[in-house]
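Hi everyone, thanks for coming. Please bring up the sequence and the 3D view, and we'll walk through a few spots together.

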Amino acid sequence: MNTEAVLLLETVNFAAEKHRNQRRKDAEQTPYINHPIGVARILSHEGGVTDIEVLQAALLHDTVEDTDTSPAELEAKFGPIVARIVQEVTDDKSLPKQERKRQQVEHAPHCSRQAKLVKLADKLYNLRDLNRCTPVGWSTERVQEYFLWACAVVKGLRGTNSALEEKLEELFRQRGVQL
Ligand SMILES: Nc1nc2c(ncn2[C@@H]2O[C@H](COP(=O)(O)OP(=O)(O)O)[C@@H](OP(=O)(O)OP(=O)(O)O)[C@H]2O)c(=O)[nH]1
Ligand SMILES: [Mn+2]
């Protein structure tokens, strides 16, 4: 079998094991792994991305932030490039939430092109998910707040992938949010 297919299976299996006990915040408690798989799929299917390291980083993008995975573990298993992309899209969970959110806006323009791709697909997935259903405990205002904040992050990611950016623009437009 081709090497890249084997590598992607190894990567998705690693992510599935790491996220095995986590669920999304929707009422149905969708398995969390649906999200990283969906982000990688947006990149390949809608973004036309074929860079294997970007697709691997998409599958792994929430492992360091949300599970016991360390950057060193990713580097040993998947190499320095994949580990670096994941590190670039990982929020510092020791910071207060407001500060974390502010840093995403501030750091977005300085990310590598590979990290920008993962961030665009992550936001596109999460915004579509918000349109699909509201997370348990979220008010309409909180949903709108997320769209506003995501728009500020996406502004700093522009010029990376026009297909993904156009789809994001349309979602913002539907919410009356100006990119
Ligand atoms: N829309 C939606 N999001 C859900 C759901 N379940 C879990 N999430 C995750 O929640 C995060 C957004 O919620 P927030 O309250 O803003 O952030 P927090 O989890 O970091 O505190 C996203 O994290 P992230 O992927 O790390 O991205 P980011 O928002 O930090 O960029 C998203 O993946 C769901 O059912 N719907
Ligand atoms: Mn994510």
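This is a predicted model: local features need pLDDT of at least 70, side-chain atom pairs count only at pLDDT 80 or more; totals for chains, interfaces and linings use all residues.

Residues are numbered from 1 along each chain as its sequence is written, chains are lettered from A and ligands numbered from 1 in the order in which they are written, and side-chain values use heavy atoms, with hydrogens and water left out.

Now, which residues are the protein donors of the manganese ion (ligand 2)? They are His35 (NE2), His61 (NE2), Asp62 (OD) and Asp122 (OD), at 2.2 to 2.4 Å from the ion. Donors here are N, O and S atoms within 2.8 Å of the metal (3.2 Å for Na, K and Ca), and water is not among the atoms, so sites may look incomplete. Along the sequence, the spacing of these donor residues reads H-x25-H-D-x59-D.

Let's zoom in on His35, which belongs to helix H2 (residues 34-46). Helices are DSSP runs (H or I, at least four residues), numbered from the N terminus. Is His35 buried or exposed? It counts as buried because its relative accessibility is 1%; buried means under 20% relative accessible area, exposed over 50%, and partly exposed in between, using a 1.4 Å probe and protein chains only. His61 and Asp62 are buried too. The side chains of His35 and Asp62 also make a polar contact of 3.3 Å, meaning a pair of N or O atoms within 3.5 Å; within protein, one must be able to donate a hydrogen and the other to accept it, and residues adjacent in sequence count only if both atoms are side-chain atoms.

Next comes Thr30, in the loop between H1 and H2. Thr30 is buried because its relative accessible area is 15%. Its side chain has a polar contact of 2.5 Å with the side chain of Asp26.

Compare Val12, in helix H1 (residues 3-18). Val12 is partly exposed, at 23%. Leaving out residues up to four places away in sequence, Val12 touches Ile37 and Leu59, where contact means heavy atoms within 4.5 Å.

Finally, look at helix H7 (residues 97-107) and helix H9 (residues 140-155): their axes come within 8 Å and cross at roughly 35 degrees. Axes are lines fitted to C-alpha atoms, for helices over the stretch in contact, with angles from 0 to 180 degrees between N-to-C directions. Among the residues making this contact are Lys97 of H7 and Trp149 of H9.

Methods:
Helices (H or I, at least four residues) and strands (E, at least two) are DSSP runs, numbered from the N terminus.
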